[in-house]
Amino acid sequence: MTMSRLSGSGLTLAYDGRTVAEDLSVAIPDQSFTVIVGPNACGKSTLLRALSRLLKPRAGTVVLDGADIASLPTKRVAQILGLLPQSSIAPDGITVADLVSRGRHPHQGLLRQWSREDERIVAESMAATGVADLAERAVDELSGGQRQRVWTAMVLAQQTPLLLLDEPTTYLDIAHQIEILDLCARLHEEEGRTLVAVLHDLNQAARYATHLIVLCDGRVAASGKPEEIVTAELVETVFGLPCRVIEDPESGTPLVVPGARRRR
Amino acid sequence: MRVLRTSAFSVRYRPRALTASVAGVLVAFAAVVVTLGSGDYQIPPGEVLRTLFGGGTMGDHFIVVELRLPRVVTALLVGAALALAGAVFQSLVRNPLGSPDMLGFTEGAATGALVVVVAGGSSLALACGAVIGGLATGIGVYALAWRKGVHGYRLILAGIGVSAILSGVNGYLMTRAQLMDAARAMLWLTGSLDGRGWGEVVPLAVAMAVLVPVAIIGCGRALHVIEMGDDVARALGISVERVRLTALAGAVLLASFAAAAAGPVSFVALTSPQLARRLTRAPGPNLVASMVVGAVLLTCADLGAQHAVPGRHLPVGVVTGVLGGGYLIWLLAAGRKAGRI
């Protein structure tokens, strides 16, 4: 039985009138790199928002360290659980170092606004994401890939054992996607953090995840190790896509090859 | 950025922002001394300083401290209050157009004041009317814009709509006023510092003693984080709606009290935070620097208003209106050159 600091049980998730998921239960195994995948509008991001207390479930509870997350002070949660949402805005003219240092907010107070520890952790976070050289540059001058690394450094600076990332690779070209995912894998392996990411690309998910949660219409269609659960039947049922699943020649993980409608 | 640190205490500050703020305070002080010395009876700056610090003749003391000081202090406080309100609004709606002028709060304060004028109330009642009008408009706009939290654009659109309705109401109220009252109301609506006494200064000073710390100490750090998006701020452990409501209430009250003291002086709230931003080159709400710039702007505008047309005192709102309008056009031109508009 694996341990889970973060889990949700019996969740009903809805925006206004639209119910996205009913009676949904998930557990995030500790020290895992969990990836949530599924077709568009299956509730991936909604689930991530609920797990990070940004969306209040209509029913059910999200449990963090044995307590209902809604009952914990929000600043206390921010010291345990970090989230990189999709909708982030870099204020006009802000420098990389300034943006990253704002990730320290949950650890600061009115009298303790910039301790030596804050300074050290911000420097370490920028080094870990490879943006230390950009420290004094303005964020709006950077490329998409650099910007995503800066935002990742910002949540790293929050120094939380749990890290949630909502589609961290969206809008990036394939090289930058791999760069971000490699960074995530390194954070997971070297620093022992629990990572949860929502991804679009099933093959990337299968390659990087240690634990995969496949969502479909607000239900968990399958969960477990990618090599155990990713099969042609599952992909066909969940995505409605005829395919073959072969072994990834690089990593040995499952590789989904969509069926060709027409042979050349 | 520099750091000031002891074992239990640490702050970061930007040397440039500090220099700009200190320079602003000095300029404001200089403008105050010159204004106190100018008028029908001229007093040289040295004498003004001596009088301010307890020396000088009885006559000088009467003119400087009793007659002219309240007006100058009103200018300082109104400028600072409006600028702080503007800085908070612009930060919250993440838009340089988010100021009490644009969002209809000053229009609402004017409605409150005009109702009192039509009913024939006293100056004190007029000030109360302005505060109540501004606050009621604030609540109205917030309620209109509310849909599971308030978003910047919805707030601006609701504000513009309410502002348009209120300016119609204000026009109607003016037609209902007696001619004398209408003239008095018109002067108030332009924004004027003429004949301000300690009676106008004290309520504003008391309100600011409470509201300025609420905005700067209570909300300042959270506002920095909220600028990165509501989701980011929530994830960083900020109760976004609570901070937003507190900051909005504080800013609406500041703008309303300022309007009660000097009328809805235009453009100070809109331009001060933008000027402060260009002077400090710091991202974020720049609350303290904006306050200083606002105080400088209004004291200098008042000095200009007294001297622009020989032998006539213009209402200060005329000067800030001309300056602010020019500034907006310049922003537009600069924005067009940069390809943003």
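I began with packing: the buried residues of α4(A) lie against α3 (96-101) and α5 (144-157) of chain A. I keep in mind that this is a predicted model.

Which residues of α4(A) are buried? I found D118(A), I121(A), V122(A), S125(A) and M126(A). They cover an arc of only 135° around the axis, so they sit on the same side of α4(A). I then checked the face turned away from that buried side. It carries the exposed residues R116(A), R120(A) and A127(A).

Next I checked the length of α4(A). The helix runs over residues 116-128, and at 1.5 Å a residue its 13 residues should span 18 Å. Its end C-alpha atoms are 18 Å apart, which agrees. After α4(A) I noted G130(A), with a positive phi near 70°.

I stepped back to chain A as a whole. I counted 9 helices and 12 strands. Of its 264 residues, 42% are buried. The C-alpha atoms fill a box of roughly 60 × 45 × 35 Å along the principal axes. The radius of gyration is 19 Å; a compact globule with 264 residues would have one near 18 Å, so the two agree. I also looked at contacts between residues at least 6 apart in sequence: 62% join residues at least 24 apart.

Last, I turned to chain B. Its 22 residues in contact with chain A meet 27 residues there. In chain B, β2 (10-13), α9 (198-226) and α10 (230-235) each supply at least two residues of the touching side. The largest share, 4 residues, comes from α10(B). I sorted that side of chain B into 11 nonpolar, 6 polar and 5 charged residues.

Technical notes
Residues numbered from 1 in each chain as written. Chains lettered and ligands numbered in written order. Predicted model: local features only at pLDDT ≥ 70, side-chain atom pairs only at ≥ 80, totals over all residues. Rg over C-alpha atoms; globule rule 2.2 N^0.38 Å. Buried ≥ 20, exposed ≤ 12 C-beta atoms within 10 Å, placed from the backbone. Contact = placed C-beta atoms within 7 Å. Nonpolar A, V, L, I, M, F, W, Y, C, P; charged D, E, K, R; others polar. Expected span 1.5 Å × (residues − 1). Arc of directions from axis to C-beta.
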